[in-house]
Every structure is written in structure tokens, then in C-alpha cells.
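Hi,

Here is the structure I promised to pass on.

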Amino acid sequence: MNAYVALPTDMFYNTGIATYVWILSNNKQAECKGLPERRGKVQLINGVNLSSKMRKSLGSKRNEMSIDDIALITRTFGAFEVIDATDLQKPAEQKSSRGRQASSPKVEAPKTFAAKIFDTHEFGYRRISIERPLRESFQFSDERLEELRFANKPLEAPMKWIYETFGHSSEQPWSDDKNCGNYGLLAENEVEIRVHLKANFSDVKEAKIKELLDRKMWLAQKAILLKAKKLQAHIGTQQYNDMNQFDAIVKAAAKAQGIKLDTKELKAITAAVSWKNPAAEKVIKKIHKSGEANPFYGLFEVELDGKTQVIEYKPDGDLRDNENVALDPTQTVNELNEAYFKKEVQPHVPDAWIDATKRDAIDGKIGIVGYEIPFNRHFYQYQPPRDLVEIDKELDLVSAEIMGLLQEVHS
């Protein structure tokens, strides 16, 4: 990109928002005729004040640029020069005279024109993903196991309604006895169920309704529940705050109870009895038998089973964050990322790490490259606020006027 020009607001018929002109070229000129080289450079031209009010508005179009205004932008771009904020001597906008006028109104910023030149990398950054470890607890409590009676969303809520409405029938109540012959039989209630589902669960489509009416699904969920209850009889109902023990505990309980769990059943039980707990132990994803620790990228050296081992933890998606690291061609990508991480992240979340799998598609290095042009930040002109003493005096005057008006009303 050669240049980025900010135009005045209210320039077009159907929009009043700020507009910009991008001047693009993939054939930037080398240094010649005393002009600096444009390669690797971007010129920002602030022309937001180069306008005058129209005598009659056209929709949202209230401002227009004169030939001189356009020529100033053209010359600035052609010369590829830096221009410090220059007062344009434009007339101040007329403000409404309605209502009370401040005795010492805020001084408006002068209408200026300016241009600046930057290296392209000054607008660039690498977005790195910051991960934190997953911490989970588990408990085979009755309340958590009861959730296994129902399938996952979107069927969970409809199944709960069906179970409460028809599962406790006085004539043929459903029971968890494996010999219960009427568990999940809903043929006689199909019409009523369909009417209720269409009225209260619009997101449940016909295919899902058929699943809800199918006894096989109810029996499959019940089978998982009964297996979990057998595990509960061996494991107990106490809370465990180390999810790393889960597999061994469940495996021992299944062996003791003579239960076989397939992958789907184990996944369902795990989801039902576990939850995220900031006070729990970190969940280990992998133990690396070889290689060195690198805490910047999630390889931590810890004492485990009496030995020093390199551990990789499971990331918690809810705690994932992104950070933008400014580009700097004088340093390597890893040096920049690690220096930023050490300064801005580690002091606040010491157990975090950089996700080294998130890499840019073009250069293959850690972090996704992006660019942002914070135009207003580069041309911001500070205007000191009004003095507090003056503001207090004005508030006292207004308060006195209000009290006088109230006295007139009461009298």
C-alpha cells in the first residue's frame, strides 16, 4: 500500500460515517529525483478537516471538498512528504444558540492538516494464542448420574419433560429395573408429545422427534445409567479433585463389577460426573518420555511418581486468550513472542503457555500475521479539559436557577 487518506465525514449521500481512500500499488518507485523510496513505507494523510459546509444538504451529504483541498492531498501524496499539523484557518462551525450557554465553553481543537510516513511493519502484529491448563473434578453423585438418563442437547430438555410427564404414570410407571417392560414406551402418547414439542421446543425437528419417540434411545440411555450406578457402588460418592486419577479409578471399578464400557459410554459418563474446578489439579494430556522442558510452549518439568518428567497439560478452551505481538524485523519471531509473553502474560498467569500449533499460513511461524491501521491514534490532538473551578461555578449557577424556578412553582 502506498497511502491511506482520511476524508471528511458527511461526504456522501447515503452515509455520514468516516471514509478513507486506499492507494495501492505493487510497483512502488525506488528513490529518485530527491524523493524517498516508497518501498516498505506507508503514508497516512489526515484530510478530515479539508471540507466546507454545503449551503443545502443532500441526505447525509453535508460537506464538500474544494479544488484546493483536493490539490493539497494530491501534492502531499506526490511529494511523499511528512507534514506536521498545520492550521488550515477554516472557519469554526456554528453551534446552536438554544439553551443555556457555558460561560467558559470548551476550546475546540484547531482544524489541521497533517501527513506521516511509517514502515509497513509498524502496523503489523502476530496474534498468538495463550492457553491455560484444564482443571477438573469428578464425583459419582446421584444428581450427576441422573443426567445420564437423558441424551445431550437438543434432546435433553424434551426428554426430561417426557420422563416427568409420562414416566411417573400411576398405571404403568417406568422403573430402573432391567425387567421393566414399559420403560420408554410412548406410542399411546405420541400425539400429545408432538403437540407439546412443536409448541415449546421449536428447535427439535422431525428427525429428532422420531428419536424421542423411539424406545431404543431411552433404553440405551438407561443402560448407561445402570452401568454408572454400578461404578458408583464401588467408587462411592466422594469428590475427587484430580481428574488424572479418573481412568484408573473407573477401570478398577469396572473390573470389580464385571462391567465393559465402550468409548461412547465412557465419554457420556465422564461428561456427566466431571466439571471444571479452578481449585482442582491440572489435567495431564501427555507425558513426554524424551525431549527438554520448554514452558513457553507448554512443556513443563514436574515431579511425577518420584521422577522429574516433562508434562503437557490439556488446554481449557474457556480460558483461551489471544495477544497481538508487534512485528519487528530486527528480531526473530520466537524472540519477539517469548519476550512479550514473559513481560505481559507470565506475571499474571504463570501456568499459561503459547500454542505453538497456531502458525501463519505463509511463513509457517508461530502466530497469525495481521495488520491494523489505528489512524486516529496517530493524529490525535490533546485538548485539555475545562478547569474544575470553572465547572463548579457553572454548576452552582445552574443549581441556583433551578431552585429559583422551584420556588416560583411552589408559590
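This is a predicted model: local features need pLDDT of at least 70, side-chain atom pairs count only at pLDDT 80 or more; totals for chains, interfaces and linings use all residues.

Residues are numbered from 1 along each chain as its sequence is written, and side-chain values use heavy atoms, with hydrogens and water left out.

**Around V310**

V310 lies in strand β14, residues 307-313 (strands are DSSP runs of E, at least two residues, and helices are runs of H or I, at least four, numbered from the N terminus). Leaving aside its neighbours within four places in sequence, V310 is in contact with K286, I287, H288, G291, E292, A293, L299 and F300; contact means heavy atoms within 4.5 Å. Its C-alpha atom is separated by 7.2 Å from that of K289, 21 residues apart along the chain.

The sheet that holds β14 is open, with three strands in the order β12-β14-β13 and antiparallel pairing (two strands pair if DSSP finds at least two bridges between them). β12 (284-288) and β13 (300-304) are at the edges with a single partner strand each, so one side of each has no neighbour in the sheet. From one strand to the next, the twist averages 50°; for this and the angles below, axes are lines fitted to C-alpha atoms, for helices over the stretch in contact, and angles run from 0 to 180 degrees between N-to-C directions. β12 and β14 are joined by four bridges, and I284 stands opposite Y313 in β14.

**The five-stranded sheet**

There is also an open sheet of five strands, in the order β2-β1-β3-β7-β6, with mixed pairing. Here β2 (20-23) and β6 (83-87) take the edge positions, each with a single partner strand, so one side of each is left without a neighbour in the sheet. Neighbouring strands are turned by 10° against each other on average, direction ignored. In this sheet's order β3 sits beside β7, and β3 (residues 41-46) and β7 (residues 112-119) pair in the antiparallel sense over six bridges. Q43 stands opposite I117 in β7. Helix α1 (residues 67-79) lies across β1 (3-6), β2, β3, β6 and β7, and runs at about 160° to β3.

**Strand β9**

β9 (residues 136-139) has E136 and F138 pointing one way and S137 and Q139 the other way, and all are buried. Three bridges join β9 to β11 (residues 274-276), antiparallel, with K276 as the bridge partner of E136. β9 is also joined to β10 (residues 239-240) by two bridges, again antiparallel, and F138 stands opposite Y240 there.

**Helix packing**

Two helix pairs are worth a look. The axes of α4 (residues 190-200) and α5 (residues 206-213) come within 11 Å and cross at roughly 140°. That makes α4 oblique to α5 (angles under 35 degrees count as roughly parallel, over 145 as roughly antiparallel, 65 to 115 as roughly perpendicular and the rest as oblique). E190, I193, R194, L197 and K198 of α4 meet E206, I209, L212 and L213 of α5 in this contact. By class, these residues are five nonpolar, no polar and four charged (Ala, Val, Leu, Ile, Met, Phe, Trp, Tyr, Cys and Pro count as nonpolar, Asp, Glu, Lys and Arg as charged, and the others, Gly among them, as polar).

For α6 and α8, the axes come within 10 Å and cross at roughly 65°, and the two helices are therefore roughly perpendicular to each other. The contact is made by I224, K227, A228 and L231 of α6 and E265, A268 and I269 of α8. It has five nonpolar, no polar and two charged residues.

Leaving aside neighbours within four places in sequence, E265 is in contact with I224, K227 and K260.

Lastly, α3 (residues 156-166) has P158, M159, W161, I162, Y163 and F166 as its buried residues, and these pack against α2 (142-146), α4, α5 and α6 (215-235).

Cheers

Key:
Buried means under 20% relative accessible area, exposed over 50%, partly exposed in between (1.4 Å probe, protein chains only).
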